[in-house]
Amino acid sequence: MDQETAQVLFREGAIMVCLDVPEGTEFGIDYASWTVGPQFKGIKMIPPGIHFIYYSARDKHSGEIIPRTGTFIDFQQKSVVVQKWDDIKEELTEDGVSADDIQRIRDNLKDLDRFLGPYPYDGYKKWISLSNFITPELANKLQPMSRRISSVTDFVSEVSNTQSRKTRKLSNNTNNSVKQDGTSTEKNSEESREENAEPTSLKEAESKLPDMKVREESKIQFSLIPKQKYPPGSSPTEMTKYSIDSSYALESILRTYYCDNEMGILGEIQFAFICFLMGQVLDAFEQWKNLVHVMCTSEEALKNHSSLFSNFIGMIHFHIQETPEDFFVDILSENNFLTSTLQEFFSNLDNLPSDSELRKRGLKFRDYLTQKFKWDFTSEPDDYAPTVVE
């Protein structure tokens, strides 16, 4: 960072104060992360805009790193964000931080300055390329209600006991009914013995477990991808067409979630990618794959959304360019997802008029991938076949 940029960020940049973070915690912002030392109090000189904060504490007994937690924060110019470490929840929180606390910290920033690490500006341009379609409104919309993005799914157990499990079992078996005269003592005794008996199969063992559901406030609010891929009332020909072409699904997503700004879907793809790459959230990786697949297999939509697809090419190009090569070998090559999906995309682009700028941009991207990764986009995968509706 040159001296002039440093001075501007020192005057105009935001500050995040992190109080009482345990020594040894892994703490990161955007592309950079560190192991917290005894004097760490936060980050200074943060460029205004959306940033991803994430951290992993160490288990007090084993010393091992616990699952990662992250959150997107929209830092305002010259703003001071203050969070404290919660020892019980093992996370940073604004709970217990009053307006007086923030003002007191503002008044003592000079004394606090030496405990604040500077924002890693060398990676800022890369961060912008990774997040440029994520607006503050979109980040607020997608983040869980808890504002915490966890690398492990937060399950909650519903109330479950012998009676509730018996009720579930009876609901699945209409032949199991108690006599109307109420003489069920013998049957209850038999059911009690069955409840306490050792399970003899995996299915039986699972039936005795409590019901587990994802805690609502912990869910990332991703867009739902339509299960029905074709419009209502479609003819068999149209059903066959849209089982191959995802344009109807894409238009449905844009109409439902991004009617005011179609570029929002690119922001969601970026959001999901960041949650996976930096937040280590596997569900986010699945959403990334699903949305990328919808975009790549939407042939009809290419004609109506050329700007959207042009920006999509640049975005996915950056995702690939900035990720270690072995990542794609180990993760994305499973079931040949990326190469087969991009192959369909390039095939669709190839069908556009030869003078189309979108076609030229896409095929240039294809040539880059072929040269860099030696990926083959010419041979058809064995399992690639259209679904034909009779």
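Predicted model: local features only at pLDDT ≥ 70, side-chain atom pairs only at ≥ 80, totals over all residues.
1. The largest nonpolar core holds 82 residues. Those with the most contacts inside this core are Phe72, Ile265, Leu266, Trp288, Phe312, Leu342 and Phe345. Helix α11, residues 264–277, supplies nine residues, the largest share of this core.

2. Leu266 is one of the residues with the most contacts in that core. Leaving aside residues up to four places away in sequence, Leu266 touches Phe133, Met295, Leu308, Asn311, Phe312 and Met315.

3. Helix α16 runs over residues 357–373.

4. Which residues of α16 are buried? They are Leu358, Arg359, Gly362, Leu363, Phe365, Leu369 and Phe373. These residues lie on the same side of α16, because they cover an arc of only 150° around the axis. An α-helix has 3.6 residues a turn, so residues three or four places apart point the same way. The face turned away from the buried side of α16 carries Glu357, Lys364 and Gln371, which are exposed.

5. Both ends of α16 have a local feature to check in the viewer. At the start of α16, a side-chain oxygen of Ser356 comes to within 3.3 Å of the backbone nitrogen of Leu358. Just after α16, Lys374 adopts a positive phi of about 60°.

Conventions
Residues numbered from 1 in each chain as written. Heavy atoms only, no water. Core = buried A, V, L, I, M, F, W, Y, C linked by side-chain atoms within 4.5 Å. Buried < 20%, exposed > 50% of the residue type's maximum accessible area, 1.4 Å probe, protein only. Helix = DSSP H or I, 4+ residues; strand = E, 2+ residues; numbered from the N terminus. Contact = heavy atoms within 4.5 Å. Expected span 1.5 Å × (residues − 1). Arc of directions from axis to C-beta. Polar contact = N/O pair within 3.5 Å; in protein donor to acceptor, adjacent residues only side chain to side chain.
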